[in-house]
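Reader: I have a model open and would like to learn how to read its fold. Could you walk me through it?

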Amino acid sequence: MPIVPDVPAYGGDQDDDRGAARLSGPLFREQPPHARPYDTPQARPFEAAQQNPEPMPDASQPAPPPQKKSAGRDLSAAIGVGVGLGVVIVASLFVVKAVFVGVVAVAVVVGLWELTKRLEERKGIKAPLVPLALGGAAMVVAGYVRGAEGAWVAMALTALAVLVWRMTEPPEGYLKDVTAGVFAAFYVPFLATFVAMMLTADDGAWRVLTFLLLTVVSDTGAYAIGWRFGKTKLAPRISPGKTREGLLGAVSFAMVAGALCMHFLIDDGTWWQGLLLGLAVAASATLGDLGESMIKRDLGIKDMGTLLPGHGGIMDRLDSLLPTAPVVWLLLVLFVGSG
């Protein structure tokens with residue numbers, strides 16, 4: 001007979017699917033002979049739960065009261081600062097127009113300082129502040145004195161000054177610095193020149209007041225309705241606090257205010273024009289707010305500054321005003337002329 005080698009019994013080290021190598025390790029520890037398969041505390045969750053029951057809540061203790069919604073800011077400080085700013089703006093607007101232009105220029109310079117400071121702190125981008133500040137103030141004055149043509153010329157010269165000024169430093173980062181500088185020149189002072197251009201009309205003070213009132217009313221409507229009824233997020237990845245209900249509040253409040261302002265404040269204005277104006281303001285103010293929220297989220301900050309208690313910085317107040325200014329200027333020119 002041929003010699004047949006010894007074959008290990010079933011379960012030996014040569015088994016394939018009955019003869020795979022014996023597994024070992026923490027998941028495959030051998031059980032005692034008397035143990036049943038899966039006879040471990042982990043495999044008997046129901047029995048383990050009976051042996052170690054979780055404590056039941058004490059029904060005698062009252063449940064914690066629901067937390068109230070919070071505005072997230074010091075409302076008393078915010079209201080006080082807002083009223084103070086409103087008094088300064090209205091007083092300068094109706095006393096001497098040139099003083100109001102100066103107020104706008106100062107706000108532009110401070111806004112540019114906040115923006116360039118945050119860009120440098122968070123991204124290492126060094127947009128040249130000196131040519132931006134000088135050019136920005138000149139841009140606002142040029143818009144008031146020479147209109148749109150003066151504003152465009154001042155914008156072009158400011159951009160050129162940014163490019164030349166940055167050449168005095170090492171070339172590393174030149175492109176990103178001048179790009180940020182040109183963006184800042186357009187975003188802050190150029191858009192602000194439309195406020196100065198509104199002021200040149202015969203009823204210019206009332207046009208500017210209408211622009212300010214509609215923007216503030218839109219923001220107030222969005223805040224009030226969104227805080228009380230807001231449930232559906234508008235743009236959660238950009239600004240989690242904004243809701244679609246708040247947007248409806250902004251549109252409703254701004255349209256009503258627009259109809260009243262066009263009828264009572266603007267020469268030759270009609271209520272239906274005010275409805276369209278209010279709708280456009282609500283849209284532009286919301287987009288402007290979302291735009292700056294996008295910038296702040298990219299920079300990883302909550303506010304652009306701390307100059308205004310309860311509000312943040314100047315740029316945190318200009319976010320909805322800046323993109324709304326050209327919209328209001330254009331619609332008023334179309335509705336009642338530039339006179």
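Author: Happy to! Read along the sequence, the order of elements is α-α-α-α-α-α-α-β-β-α-α-α-α. Keep in mind that this is a predicted model.

Reader: How many helices and strands does the chain have?

Author: There are 11 helices and 2 strands. Of the 339 residues, 38% count as buried. Among contacts between residues at least 6 apart in sequence, 69% join residues at least 24 apart.

Reader: How are two packed helices described?

Author: The general idea is to give the angle between their axes and the distance between the axes. Here, take helix 4 (residues 97–123) and helix 5 (residues 129–166): the angle is about 150 degrees and the axes lie 9 Å apart. Angles over 145 degrees count as roughly antiparallel, and helix 4 and helix 5 are therefore roughly antiparallel to each other. Their crossing is right-handed.

Reader: Which residues make the contact between helix 4 and helix 5?

Author: On helix 4 they include Val-101, Val-108, Leu-112 and Trp-113, and on helix 5 they include Leu-132, Gly-136, Val-140 and Tyr-144. By class, the contact residues divide into 14 nonpolar, 2 polar and 1 charged.

Reader: And the strands: in what sense do strand 1 and strand 2 pair, parallel or antiparallel?

Author: First the general idea: in a regular strand, side chains alternate between the two faces of the sheet. In this model, strand 1 (residues 233–235) and strand 2 (residues 239–243) pair in the antiparallel sense over 2 bridges. Ala-235 has Ser-239 of strand 2 as its bridge partner. Together strand 1 and strand 2 form a hairpin, with 3 residues between them.

Key. Residues numbered from 1 in each chain as written. Predicted model: local features only at pLDDT ≥ 70, side-chain atom pairs only at ≥ 80, totals over all residues. Heavy atoms only, no water. Axes fitted to C-alpha atoms, helices over the stretch in contact; angles between N-to-C directions. Helix = DSSP H or I, 4+ residues; strand = E, 2+ residues; numbered from the N terminus. Parallel < 35°, antiparallel > 145°, perpendicular 65-115°, else oblique. Left-handed = near helix turned anticlockwise from the far one by under 90°. Contact = heavy atoms within 4.5 Å. Nonpolar A, V, L, I, M, F, W, Y, C, P; charged D, E, K, R; others polar. Pairing = 2+ DSSP bridges. Buried < 20%, exposed > 50% of the residue type's maximum accessible area, 1.4 Å probe, protein only.
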